[in-house]
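Keep the structure open as you read.

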Amino acid sequence: MADGSVAERAAASAGGRASGSASHARPRGRARGRGRGSLANDGAVDTKAGTGANAAGGAKAKPRDAFFDNAKYLAIVLVAMGHSWEPLRDGSRSAAALYITVYAFHMPAFIIISGYFSRSFDMRKDRLQRLITGVAVPYILFEVAYTFFKRWADDDPHYPISLTDPWYLTWFLLALFIWRLTTPLWKIVRWPVPLALTIAVLASISPDIGDDLDLQRVLQFLPFFVIGLSLKPEHFKLVRRKKARIVAVPVFAGALVFAYWAAPRMNAAWFYHRDAAQELAAPWWSGAVMTLAMFGCSLVLVACFFAWVPGRTMWCTALGAGTLYGYLLHGFLAKGSRFWNWYDVHWIHTPWGAVLLTLAAGTIVTLLCTPPVQRMFRWAMEPKMTWAFKKDPVGAARERT
């Protein structure tokens, strides 16, 4: 899903437009849902809008919580692994089961963390500037970069650039921008989560919403962001107790068994929240049923995931601040592996090949979250852009005195 990470920004980071999967992109300029079913991808990114806001007015910023950095790092690893499993699903029911299970909770987890770190967001000048430089600018840069990459790597020189129709992983940045702008509204309504869930249900039965701004995913994933806004530190403490960790084991085991049964029977596109029910060749009422059922399942699995996340500082904790980098950069390899037919080799589709591929995906995204990579790409992910904004008159007066 960066204040250095996918969850705050993604969390701030984590998918993409897919045809038949979360990792493929939909041709632009075409109306959605006209007799076509398709899949979408995930993603995850991080925004600095939570901890960063603590520093406003000269107050000392709170130290980063190792739990959230660990959660964001583990989630971005699952994002990369999920992308690596997608082409294996047709030939492996086990890969399909793992894929479905991970997709049921990894984006909701990122979005909940993203909402949690957006609680202090308001329309104050410094926070709006940070939203622009930390979310909007990376969205524009990577939307253009991914389009040129597709033109070159997929031999599609006329593929159009469209900032209103996000391609592949960039959808999450656009969604986060919209969600965060609406934060003040969710703070004043009486029942924010039921309202957001109602909006998601209505979106799931509205096939004419269209591609602009990827509104289907913005609206269908909205309840998780609003839940994040509503959470308090004590809620995370509840799922981090020993009893919760124990309960999480049979719950995840049951989820894997169910996913193994459902894999050949269920359209995985439901987990991408990119299409209305009618676009998935299902009756309209199934959109409401599936949205509510999957919302409940996702919340349970997110709680189990958080229960297993370590709360202490570990070797990977510092990488949680770089998940936006891993999220956006690993997409070039994930898409390139399809464009260049890397999955055509037989050994990748063997059990050992799948294991090696999974380890490779985790290793690569880990390297992309490291400080050297952050320094190399900070100009694109976290530009300062002081030249683009008017000076605060109060701050300027302080400087003169």
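How many aromatic pairs does the structure hold? This predicted model holds 37 aromatic pairs.

Start with F67 and F68. These two form an aromatic pair. Are the two residues buried or exposed? F67 has 0% relative accessibility, so F67 counts as buried. F68 has a relative accessible area of 5%. Buried means under 20%, so F68 is buried as well.

Now turn to Y146 and Y168. They too form an edge-to-face pair, with 5.8 Å centre to centre and 90° between the planes. Where in the chain do the partners lie? Y146 is in helix α4, which spans residues 125-153. Y168 is in the loop between α4 and α5 (171-181). The two residues are 22 apart, and their pair links distant parts of the chain. Y146 is buried, at 0% relative accessible area. Y168 also counts as buried, because its relative accessibility is 0%.

Widen the view. Y146 and Y168 belong to one aromatic cluster.

Finally, look for charges over rings. The charged end of R119 sits over the ring of Y116, at 3.8 Å from the ring centre. R151 lies over the face of F148, 5.0 Å from the centre of that ring.

Technical notes: Residues are numbered from 1 along each chain as its sequence is written. This is a predicted model: local features need pLDDT of at least 70, side-chain atom pairs count only at pLDDT 80 or more; totals for chains, interfaces and linings use all residues. Side-chain values use heavy atoms; hydrogens and water are left out. Rings of Phe, Tyr and Trp (its six-membered ring) pair if their centres lie within 6.5 Å; planes under 30 degrees apart count as stacked, over 60 as edge-to-face and the rest as tilted. Buried means under 20% relative accessible area, exposed over 50%, partly exposed in between (1.4 Å probe, protein chains only). Helices (H or I, at least four residues) and strands (E, at least two) are DSSP runs, numbered from the N terminus. A charge sits over a ring if NZ of Lys or CZ of Arg is within 6 Å of the ring centre and within 35 degrees of the ring normal.
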